[in-house]
Amino acid sequence: ATYTGETRNYTVIWQNDNDTVLETDENVSYGSTPEYNGTTPTKAADAQYTYPFDAWSPTIHPVTGDETYTATFSTTVNEYNITFKNWDGTVLQSTSVAYGTTPVYSGATPTKPATAEYTYTFTGWDEAISSVTGDKVYTAQFDATVNEYTITFNNWDGTTLATYEVEYGQTPVYAGEVPTKAATAEHTFTFSGWTPAIVAVTGNATYTATFSNDVNSYTVTLEAENGTVTGAG
């Protein structure tokens, strides 16, 4: 008896890591090394990781029977853009930070220009800095302190009568003694107010006392040479 030998064929299955079949070859001869001819296997990224294709499991080897190869993937931790902005939207710092890492702001302390009414002090960010789970923007926050201004009340001759520190928007009030101006032979002076007119505070200001003046009156007596009063006016 004579016989003819025939090489056996086997089935090789290529599947993704979720058992989805990517390619099937039912005619792979014994002893030959199978080859995958499909598209590169993929695995959907999640918030924490991206999964690049790595290799097949088990390692590809010559066929000795039916075989299933499963795609394996490496893991890459995702990075996200973390941005710190000032109150006006100006970017203070922008960095890529790995998922799960707590970002750190390392820039200069944020500032906000003072206005006539307020001075601003940095107090922190619009929310507590937390571990990265995605792109994030933090915005600087500020406390506002009402500015105070120096209000000076002077007498008519420039002598300072009183000085007060008064908040923006408040109307200053003079609480000192009534200003005076020494009378002259011709006039007597009566305090009448301040110049300029007192208004709500918007900055340093000086007010000066003003006076009305009344012409003095005198008694004139007419006497004769011998001292006799002959008239008066």
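F153 is in contact (heavy atoms within 4.5 Å) with T159, T160, L161, A162, Y164, P172, V173, Y174, W194, I198 and Y207, leaving aside residues up to four places away in sequence. The model is predicted, so local features need pLDDT of at least 70 and side-chain atom pairs count only at pLDDT 80 or more, while totals for chains, interfaces and linings use all residues. Residues are numbered from 1 along each chain as its sequence is written, and side-chain values use heavy atoms, without hydrogens and water.

F153 also belongs to the largest nonpolar core, whose 12 residues include Y149, I151, A162, Y174, W194 and Y207. Such a core is a set of buried Ala, Val, Leu, Ile, Met, Phe, Trp, Tyr and Cys residues joined through side-chain atoms within 4.5 Å; buried means under 20% relative accessible area, exposed over 50%, and partly exposed in between (1.4 Å probe, protein chains only). Two or more core residues come from each of β11 (148-154), β12 (160-167), β13 (187-195) and β14 (205-215). Strands are DSSP runs (E, at least two residues), numbered from the N terminus.

The whole structure contains 2 salt bridges, each a side-chain nitrogen of Lys or Arg within 4 Å of a carboxyl oxygen of Asp or Glu. In one, K43 pairs with D17, with 3.3 Å between the closest N and O atoms. K43 lies in the loop between β2 (21-29) and β3 (49-50) and D17 in the loop between β1 (9-15) and β2, so this pair ties together parts 26 residues apart in sequence. K43 is partly exposed at 33% relative accessible area, and D17 is partly exposed at 34%. K136 forms a salt bridge with E127, at 3.0 Å between the closest N and O atoms.

Notes
Helix = DSSP H or I, 4+ residues; strand = E, 2+ residues; numbered from the N terminus.
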